[in-house]
Amino acid sequence: MMTQAETSTNTETFEPTIIVFACNWCSYAGADLAGVSRLKYPSNVRIVRVMCSGRVDPAFVMKAFLKGADGVMVAGCHPGDCHYLEGNLRAKERIDKMVEAMHILGFEVDRFRLEWISASEGKRFAQIMTEFTEQIRNLGPLKS
Amino acid sequence: MVISESPINYEVEIKSEELKSMLRACYQCSSCTSVCPVRRYSKYNPRKIIHNYLFDYEVTEDDLTACLTCGLCLEVCPQKIDFPEFIRLSREQHGVNADLFAHHNIFNIMQVFMNEMTDSGMKFDYEGELDRESSIAYFPGCIDLYDKFLDLKETSFHQIGQSAINVINKTGVKPNLLSLKCCGHDAYWTGDMDAYDQVREYNTKVIKDSGISTLVVSCAECYYSFMDLYNLDGVKIQHIAHFIEERQEKLQFNGEATTLTYHDPCRLGRFMNEYESPRNVLKATGASIKELSLNKQFTKCCGVSAWLRCDDTSRAIMLRKLQEATQAVGEEGTLGVACSKCYAHLNCVLEDKKPQHDFKIKVKELGMIVDERSSSK
Ligand code: SF4
Ligand code: SF4
Ligand code: FES
């Protein structure tokens, strides 16, 4: 079976696969709001709902890349808004270290982003997704 | 293979004739089980596993993954049954469930990531005098990644590499800091031969192309892998202990009296028969060594191997090691290790502190001890 990344490189314009880990209480709700407000954002984005951005282990992100994602994002509540108090701060701490580790490994870190998106920011959600998809599209497929 | 999401598979289906033939000489004396460090704290029973394997009884995933491949059983076995190698080969044939690795399997994922996502070796950032043209190279190993993924507050892994470079500089040598990928030891011992072969090929090429004549490493696993698993004819591999021992007259030791105890890492000790160099180096710094009750070829493993199964048994083994070390040198003493992994595991359990334990002993890596206790002449 071809992975998503392979199938998409066959088409003329490159359609990246983007995995977004979104926390249930803010960013996922933000995505919902974007949906009910009928805002458009690229269909390249696949959202994985997690209870809190603090649930995202660096292993998830690296595995997403290994399994064919061209870009990965972790989205959580704004600092101070996390429903588990400081899950997002811990996520940031862990993920900053992961980014440093990726540097050590010699991996382009511009394929990864950490964003804070609240439940009321449907518009911002759509904007960020569009922008990130564009960014990854310009970078081209991860595995050629 | 290792990163797939196979469901937990209790019984091992594959039993191969080839592996059975390795075990047939066993006469079930149970010497192996009686020394096995895992046996101390669980029902793990190498003798019984051999029996079950030979007679087609049930052998479980647990049987294949709980072994530390420390080689202590081989040391005492009258029939010289290579049980760790049997375990390694069965892991290779059967695969290892990714869920059984510690730290969400991050170190395995890292190994595969290193192979598939990047074309370069690891990028290091160390201070000191380095020289790309030097015939002596130093490779710190994957310690910088431990800093990023192990949540330890008081333990610096980067310091292992920094200390080694400091010491090498103090002997008047400017090493070439070699940018390799991880040595592949863990992939090899958990049977992920694809990852191992890939990384060995890459590293061999970089080492050969760099034109170096000596490669110095800090980690016992790197040393064992480069010496025993790789084929690096013409390049001398030195553990940092060998390097320091060879050049100790170039160093000025502060000679401050101190007592240390020393833990022989299985990859340096039982696997490579290097017992004296680390001790000589520690003694040269002016330290007196109080031996652990079980030492040299009878040393018990630190408790985890290849990031597989860090569980309550592992913790019990580590705590026991700290207890033995405390008995040898007292609460304020230091346990010296010559392996980045031993350093990681023992410091990890040390940082847990209460309510688990109250040990105050320090665990330090050999290069760090020498760096602290020396200056250049
Ligand atoms: S020590 Fe050797 S001979 Fe004795 S039971 Fe173990 S493997 Fe068999
Ligand atoms: S290699 Fe070590 S852990 Fe494994 S069975 Fe032998 S003594 Fe036990
Ligand atoms: S609940 Fe949204 S980041 Fe923790």
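B:Phe226 lies in helix α12 of chain B, which spans residues 220–229. Helices here are DSSP runs of H or I with at least four residues, numbered from the N terminus. The model is predicted: local features need pLDDT of at least 70, side-chain atom pairs count only at pLDDT 80 or more, and totals for chains, interfaces and linings use all residues. Residues are numbered from 1 along each chain as its sequence is written, chains are lettered from A and ligands numbered from 1 in the order in which they are written, and side-chain values use heavy atoms, with hydrogens and water left out.

B:Phe226 is buried, with a relative accessible area of 1%. Buried means under 20% relative accessible area, exposed over 50%, and partly exposed in between, with a 1.4 Å probe and protein chains only. Leaving aside residues up to four places away in sequence, B:Phe226 touches B:Phe139, B:Leu180, B:Cys183, B:Asn203, B:Ile207, B:Leu215, B:Val217, B:Leu232 and B:Ile237. Contact means heavy atoms within 4.5 Å. B:Phe55 is 171 residues from B:Phe226 in sequence, and 37 Å away in space, C-alpha to C-alpha.

Ligand 2 is surrounded by 14 residues. A residue counts as near when one of its heavy atoms lies within 4 Å. The closest are B:Cys36, B:Cys67, B:Leu68, B:Cys70 and B:Cys73. Two elements of chain B, α5 (72–76) and α6 (83–94), each give two or more residues to this shell. By class, the shell has twelve nonpolar residues, two polar and no charged ones. Nonpolar covers Ala, Val, Leu, Ile, Met, Phe, Trp, Tyr, Cys and Pro; charged covers Asp, Glu, Lys and Arg; the others, Gly among them, are polar.

The contact between chains takes 22 residues from chain B and 22 residues from chain A. Together they bury about 2000 Å², 71% of it on carbon and sulfur atoms. This area is the accessible area (1.4 Å probe) that two parts lose on being put together, summed over both. In chain B, the most area is lost to chain A by B:Phe113, B:Met117 and B:Lys148, together 32% of what that side buries.

Two salt bridges are counted between chain B and chain A. Each requires a side-chain nitrogen of Lys or Arg within 4 Å of a carboxyl oxygen of Asp or Glu. B:Asp151 forms one with A:Lys97, the closest N and O atoms being 3.9 Å apart. On the side of chain B that touches chain A, α7 (106–117) and α8 (143–149) each give two or more residues. The largest share, eight residues, comes from α7(B). By class, that side has eleven nonpolar, four polar and seven charged residues.
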